[in-house]
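Please read it beside the sequence and the coordinates.

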Amino acid sequence: MPEPAELVGYVIAGTRYLLPLLMLWVLARCLRSMLRERYEPETWAYLVDANGLRTPVNHWECIIGRSRSCDVVLSSQSVSRVHASLQRDGSGYWTVSDLRSRGGTFVNGDEAELLYPVRDGDVLDFAGEELVFQAVTRDEREWLERRRTAPGRFVGPGVTLLILTLFQAFLTLEFTVTAEEEYLVSICLAFLALIVLEWFCYLVMRSVRRSGFEPETIAFLLSTLGMSVAASSTPDDMFRQVLFLCIGVALFFILGWWLRDLRRVKAVRWLAALAAMGLLAVTVVLGEVRGGAGSWLNFGGFTVQPSELVKVLYIYTGAATLDRLFARRNLFVFIVFSAICVCALALMGDFGTALIFFTTFLVIAFMRSGSFATVFLAVGGAAMAGFLVLSVKPYVAQRFMTWGHAWEDVWDSGYQQTHAMSAAASGGLFGRGAGEGGLVNITAADTDMVFAVLSEELGLIVAVLAMFAVIALALFAVRNAAHGRSTFYVIAGCAAVSLMMIQMGLNVFGSLDILPFTGVTFPFVSKGGTSLISCWMLLAFVKATDTRRDASFVVSRDPKTPEDGGDEYEEEDEYEEEEEDYGGVPGEEGGI
């Protein structure tokens, strides 16, 4: 009969090889469902030419023009490259706006400039090319919807979640033989709570007839790794980690419900902007300094990092403001808002988060304007600002000086990175076992160097798969961009995954001395309450991009049409603000 020590060795050795296989299996099934299954676009209306050829309108905001990047492409040379926009609101009413075209846009012979109402049977004239607008009725919508493929037909989400549960069970098993006895119960209960929470969320989705659960599965997979990091570094703090996870999941559902109504979303965009600036202002004045950055607030023993929550408000404001393709002034307003946020983060000394905000701004601004000139101008301004930050923040300059030279001073400036690289190398492909690493004893290892912690304890394969999990969410959002209902969903979803990608890259490559060490967190994995909550809220934006049949609870299954007796059409009241902001769109540069 084997001795207890030998039994422990057998358990760890067995699970070391099982964990990477199970994680790979989960990701492979999610990727197949998200990226390989057929996507059929939604159809909201048709544009019928003189020959009876019907061109489907697949988005709530469509650009019409001669350019191949337009949603509806017209071949006539009299049509401008970016000619007009055709838009639908949440109540099913359509409008058309001319985008400073050469030949003009007309509805039934009347000139249409901004948000001119369009109804079923109207004749739209784009510089002499006439198309009849044909709205899709509710019955037609139901018929078209039944023809679309729902997720889960070929890759069952319940089976994928079961495999994830096995992964979590074997990971818990490792901790039962490696954790100290006084922490064993709390660790096991924490993993059990995680399993119960994910299955509860799955059953809630099924109860509302939603079958797309891949983004949530990936998020729970990454959160499992985060639970493992917490169990290794601070096993006495597992209750708090579970509490923040529950808060994050709850806010994911609340924000997802809120995003279902675009009119409601846009109505509070300025309130979201004020809340973001208010949080940053309070942090600048009252923030506590940790690791060189004064970005922390303390409330009765709980420390929060408001900049993590500002990320959600920032993307919300940017997408809700910039989704109006015809309002150029909104871009300049967003630039000012972004500058205020980045300057506040610079005053706190939070260089890493400021860099994340700036790169997210570039994504949103480019998706709105389609202009590389805007991006280059912003990069040039950021370079000057970065030079000033390096001049007034010595610890930031020190990190740049250490970059690429960590091994030259292993006991001072390069202490964290050299230990992270050594720990990552010592774990090999399959790791030393959960809870068996030593890197967790280094300051901020469970937040800023979690890639190395994963590599040491669970192996390089698991750590790399964690990176691919974030990349999978990004690929999913990018693929959905071509099928998105509204530009708000597309901009918000792509900005959210861009933020996660940049954050992950800075965390991984910074800890390995490939990039300057910025001290940012790995999405879902790094220990920390506000970071975890922020990531789950960002996932709601990603979920909103999923327009597959019965896939996302964020997307309304049965949107309104004018025939349903919705709100009366009040053009002046509803669009008064947009008329003030109207500035046209650059003739040769289209937005999304």
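Leu-286 counts as exposed because its relative accessibility is 59%, where exposed means over 50% relative accessible area, buried under 20% and partly exposed in between (1.4 Å probe, protein chains only). Leu-286 lies in helix H8, helices being DSSP runs of H or I with at least four residues and strands runs of E with at least two, numbered from the N terminus. Together with Val-282, Val-284, Val-285 and Leu-347, Leu-286 makes a nonpolar surface patch of about 490 Å², to which helix H8 (residues 269-286) gives the largest share, four residues. Such a patch joins nonpolar side chains (Val, Leu, Ile, Met, Phe, Trp, Tyr) within 5 Å, taken from residues with over 30% relative accessible area and no salt bridge, a salt bridge being a side-chain nitrogen of Lys or Arg within 4 Å of a carboxyl oxygen of Asp or Glu.

The model is predicted, so that local features need pLDDT of at least 70 and side-chain atom pairs count only at pLDDT 80 or more, while totals for chains, interfaces and linings use all residues. Residues are numbered from 1 along each chain as its sequence is written, and side-chain values use heavy atoms, with hydrogens and water left out.

For the chain as a whole, the secondary structure comes to 21 helices and 14 strands, and 55% of the 592 residues are buried. The chain exposes about 24600 Å², of which carbon and sulfur atoms supply 62%, as given by the Shrake-Rupley method with a 1.4 Å probe. Of the contacts (heavy atoms within 4.5 Å) between residues at least 6 apart in sequence, 70% join residues at least 24 apart.

| Residue | Relative accessible area |
|---|---|
| Cys-70 | 8% |
| Cys-535 | 2% |
| Met-467 | 14% |

The structure holds zero disulfides, a disulfide being a pair of cysteine sulfur atoms within 2.5 Å.

Met-467 belongs to helix H17 (residues 460-481). Leaving aside residues up to four places away in sequence, Met-467 touches Phe-451, Met-504, Val-508, Phe-509 and Phe-522. Met-467 and Val-508 are 41 residues apart along the chain, and their C-alpha atoms are separated by 8.7 Å.

Helix H19 (residues 529-544) has 16 residues that should span 22 Å at 1.5 Å a residue, and its end C-alpha atoms, 24 Å apart, agree with this; the expected span is 1.5 Å times one less than the number of residues. Because 16 of the 16 residues of H19 are buried, the helix is largely enclosed by the rest of the structure.

Terms used
Patches are made of residues with over 30% relative accessible area and no salt bridge: like charges are joined within 9 Å, nonpolar side chains (Val, Leu, Ile, Met, Phe, Trp, Tyr) within 5 Å.
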